[in-house]
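This report describes selected helices of one structure and the packing between them. The sequence and model are shown first.

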Amino acid sequence: MAIPPTYYLSFDTLDTRRDVTCSLYKVTTEFTYEFVNGGLDIGQGKWSRHFLPTPPGKSTAKGTGINWPMMRYSDVLLMFAEAENELNGPTAAAQEALKRVRRRAFDAAHWGQKVDAYVGQVSGGKDTFFEAIVDERAWEFGGEMIRKYELIRWGIYSDKMAETVEGLKELADAAFNGTTQYPDYMYWKVNENGDFTILNPNKRVVAPPDDTWTQQSFLLALHSDEFGYQEWVTKDWENYINGPQPGVVRYIFPIPTEAIANSQGTLINDGYGF
């Protein structure tokens, strides 16, 4: 599943989690680097087999050599911060839990601004602190397959999907009109050490300094001359906003037919709406 560029660009550029979570490169079966398909195909970078000291080879499927984490300590900290805020507001204990997660995300030289000042800024009230928790969980757990269920739990699933679509449209329009501050194109190469390198991961540049860089569409890839926006931006997101029935979001799956049959009339999907 591709990560939308709205998520990639939501990170602070000094947040070390971004480039682990959002992969702008893919590794071929020959273990060479290639840039992803622009803003349409940002990969999930965590649990990459490419990080293994001895690559498992092209014949392997999805084995990473990394045990899937059922729960991480940062999850415990952020759940505590959220619960404490709901009960008592953004107390010192709730703020410290949020700070502990952010300290891991930023170099210690930036803690004054990115940890202490940031947490102080979002701790003015219960609502602003809650929004900070919503954001922090997005940055901390990207690619770990829990975001959907959190948005459902908070009752903001459909709103966040609609917000993402509008954000993607704005990025596409600005890139097409030449008014964006973000990368309309990215320039990449494999350097002399064999490392994948991007010239401008954070901002738009007019041209690379020399011809060793390869140009690749990034935000411009969201635009379509035929439809205005790629269908990935509009059509593919529709069911996440309205569902098959207008105004009804597919939050949960129906009970499987086999389970209904085995229940001998006890279970039904009445009221599910699909």
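Just after helix α3, G89 adopts a positive phi of about 85°. The model is predicted, with local features requiring pLDDT of at least 70 and side-chain atom pairs pLDDT 80 or more, whereas totals for chains, interfaces and linings use all residues. Residues are numbered from 1 along each chain as its sequence is written, and side-chain values use heavy atoms, without hydrogens and water.

Helices are DSSP runs of H or I with at least four residues, numbered from the N terminus. Helix α3 has 16 residues and spans 22 Å from its first C-alpha to its last, close to the expected 22 Å at 1.5 Å a residue. Its buried residues (under 20% relative accessible area, 1.4 Å probe, protein chains only) include L77, L78 and A81. The buried residues of α3 pack against α4, α6 and α7, where contact means heavy atoms within 4.5 Å.

| Helix | Residues |
|---|---|
| α3 | 73-88 |
| α4 | 92-105 |
| α5 | 111-122 |
| α8 | 157-177 |

The axes of α4 and α5 come within 10 Å and cross at roughly 150°; these axes are lines fitted to C-alpha atoms over the stretch in contact, with angles from 0 to 180 degrees between N-to-C directions. The two helices are therefore roughly antiparallel, a term for angles over 145 degrees. Among the residues of this contact are L98 and R102 in α4, and W111 and Y118 in α5. The contact comprises 6 nonpolar, 1 polar and 5 charged residues.

In helix α8, A174 counts as buried because its relative accessibility is 17%.

Definitions and conventions: Parallel < 35°, antiparallel > 145°, perpendicular 65-115°, else oblique. Nonpolar A, V, L, I, M, F, W, Y, C, P; charged D, E, K, R; others polar. Buried < 20%, exposed > 50% of the residue type's maximum accessible area, 1.4 Å probe, protein only. Expected span 1.5 Å × (residues − 1).
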